[in-house]
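Me: I am new to this structure. Please take a close look at one part of it, the strand pairing and the aromatic rings, and walk me through it.

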Amino acid sequence: MKLYRLYRRQSLRLSLSEAWYFFSSPHHLNDITPEFFNVRITSDVPDRIYAGLLIAYRMKAVFGFPMTWLSEISHCDEPNYFIYQQRIGPFKFWSHEVRLTEQGQDVVLEDIMFYAMPLGWLGVILNQLLIADRLDRIFAVRRDYIKAKWGSDD
């Protein structure tokens, strides 16, 4: 199984509590996700996440085909980080850590993701031809949204 790693880092001009409020809320997911992803939360979710929380989604991430995704908040250390992992979805493995660290007047947002594709060698090819680019586009939209909303040195 080939394991891929994505890492993104961005400075935000807001407080740690404001950053936590925004990034830990499932209700803000569509604000930072491109329209082509068409993600919709289908389960009831609270305003505040906690370890063990399950969140169900429907999305159309690849060629407009609808797919189901169930993630679990596996770790949560407010206001420093949370990790969500795919329990049901398109990847063989997916783990995404969102880490927030105060740095002077700013907050550093770090995204640390690991994923593995299904389907063996076909999954490797799909990742090279489509998935890696889609993930880059998702985080580019997120970066631009954050920069426009709160400013950024990155």
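Reply: Leucine 70 stands opposite isoleucine 88 in β5. This is a predicted model. Strand β4 covers residues 65–77 and strand β5 covers residues 81–88. The two pair in the antiparallel sense, over 7 bridges. A hairpin of 3 residues joins β4 to β5.

Now the rings. A search of the whole structure finds 9 aromatic pairs. One of them is formed by tyrosine 4 and tyrosine 115. Their centres are 5.0 Å apart, with 25° between the planes, and the pair is stacked. Tyrosine 4 lies in strand β1 (residues 3–12), and tyrosine 115 lies in strand β7 (residues 106–116), so the pair ties together parts that are 111 residues apart in sequence. Both tyrosine 4 and tyrosine 115 are buried.

Compare phenylalanine 22 and phenylalanine 23. Their ring centres lie 5.0 Å apart and their planes stand at 80°, so this pair is edge-to-face. Phenylalanine 22 has 5% relative accessibility and counts as buried. Phenylalanine 23 is buried too, with a relative accessible area of 8%. The cut-off for buried is under 20%.

Ring pairs also build a cluster. They link Tyr4, Trp69, Phe91, Trp94 and Tyr115. Tyr4 and Tyr115 are the stacked pair described above.

One more ring belongs here. Arginine 99 lies over the face of tyrosine 81. The distance from the ring centre is 4.6 Å.

Conventions. Residues are numbered from 1 along each chain as its sequence is written. This is a predicted model: local features need pLDDT of at least 70, side-chain atom pairs count only at pLDDT 80 or more; totals for chains, interfaces and linings use all residues. Side-chain values use heavy atoms; hydrogens and water are left out. Two strands pair if DSSP finds at least two bridges between them. Helices (H or I, at least four residues) and strands (E, at least two) are DSSP runs, numbered from the N terminus. Rings of Phe, Tyr and Trp (its six-membered ring) pair if their centres lie within 6.5 Å; planes under 30 degrees apart count as stacked, over 60 as edge-to-face and the rest as tilted. Buried means under 20% relative accessible area, exposed over 50%, partly exposed in between (1.4 Å probe, protein chains only). A charge sits over a ring if NZ of Lys or CZ of Arg is within 6 Å of the ring centre and within 35 degrees of the ring normal.
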